[in-house]
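Trainee: I have a structure open on my screen and would like to talk through how it is put together. Could you walk me through it?

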Amino acid sequence: SFEAAPALLPLLRRQEQDHRAQKYDVRFVEAALGNVTAPDESRRVVRYADNVWGVSASGLRWGDVHVGDKPVARETTSISGQSYDLRGIVARVRSLNASAVVAIKLDIEGSEYWALEPLVADPELLCSVSYLFVEFHSAASAGQRRVAQSYGLREDAFEHLKGRIHAAMERPGCRLKILWRSFWASCGDKQRFEWRSSEQTRDSTSTE
């Protein structure tokens, strides 16, 4: 699992130790996922609540990630660090074990379009993935879709990507399955809003 917000790593390391103690082979890597493998790729890190989990790396400006500007960004910093190309990771796994069951779960705050594009452009490699779970951003409203164009994305970026994924899934022997409830921003599922009122978004001293 990859985490691009360094402040979360100590917490995740403890979880990693707990998982390994239970004989699960889990590893958390301090790095961002995208379409480039590089040691010093720039990314934003946003603090949105005064608690241990209230921080996130973001591929988009924070106000363009979440509907209604909630939660509010309190502090935004730019850092440089390791990044990995998602397509390259899948290709590497396939080269090591062509029969491996590969499940990809992406919640990378707007970077999902850039991370997925090279993989979707390679239908054969895409079809070696068994499961794809993605939270899409900037696709929940007409306003967000228009803003997406300021990042060089198509206004219909989500639909364009989805259509190509569906076409690949029709290929003979394609393994890929998609859990649509994970495509929160596309289907209007209320789950995509529930976390915004959770303890994760509140200050540690809040009693609400």
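This is a predicted model: local features need pLDDT of at least 70, side-chain atom pairs count only at pLDDT 80 or more; totals for chains, interfaces and linings use all residues.

Trainee: Which strands stand at the edges of the open sheet of 3 strands?

Mentor: Strands here are DSSP runs of E with at least two residues, helices are runs of H or I with at least four, and both are numbered from the N terminus. Two strands pair if DSSP finds at least two bridges between them. The order is E7-E8-E9 with parallel pairing. One side of each edge strand lacks a neighbour in the sheet because each has a single partner strand, and these strands are E7 (103–106) and E9 (177–178).

Trainee: Which residue in E9 is the bridge partner of leucine 132?

Mentor: Strand E8 covers residues 131–134 and is joined to E9 by 2 bridges. In E9, the partner of leucine 132 is isoleucine 178.

Trainee: How many bridges join strand E4 to strand E6?

Mentor: Both belong to an open sheet of 4 strands with mixed pairing, in the order E3-E6-E4-E5. Within it, valine 46 stands opposite threonine 76 in E6. E4 (residues 38–47) and E6 (residues 75–85) run antiparallel, and the number of bridges joining them is 8.

Trainee: Is aspartate 64 buried or exposed?

Mentor: Aspartate 64 is found in helix H2 (residues 62–65). Its side chain makes a polar contact (N or O atoms within 3.5 Å, one able to donate a hydrogen and the other to accept it; residues adjacent in sequence count only if both atoms are side-chain atoms) with the side chain of tyrosine 151, at 2.6 Å. Buried means under 20% relative accessible area, exposed over 50%, partly exposed in between, using a 1.4 Å probe and protein chains only. Aspartate 64 has 14% relative accessibility, so the class is buried.

Trainee: How many residues are in the largest nonpolar core?

Mentor: A nonpolar core is a set of buried Ala, Val, Leu, Ile, Met, Phe, Trp, Tyr and Cys residues joined through side-chain atoms within 4.5 Å. Among the members touching the most others are Leu132 and Ile165, and the core's residue count is 34.

Notes: Residues are numbered from 1 along each chain as its sequence is written. Side-chain values use heavy atoms; hydrogens and water are left out.
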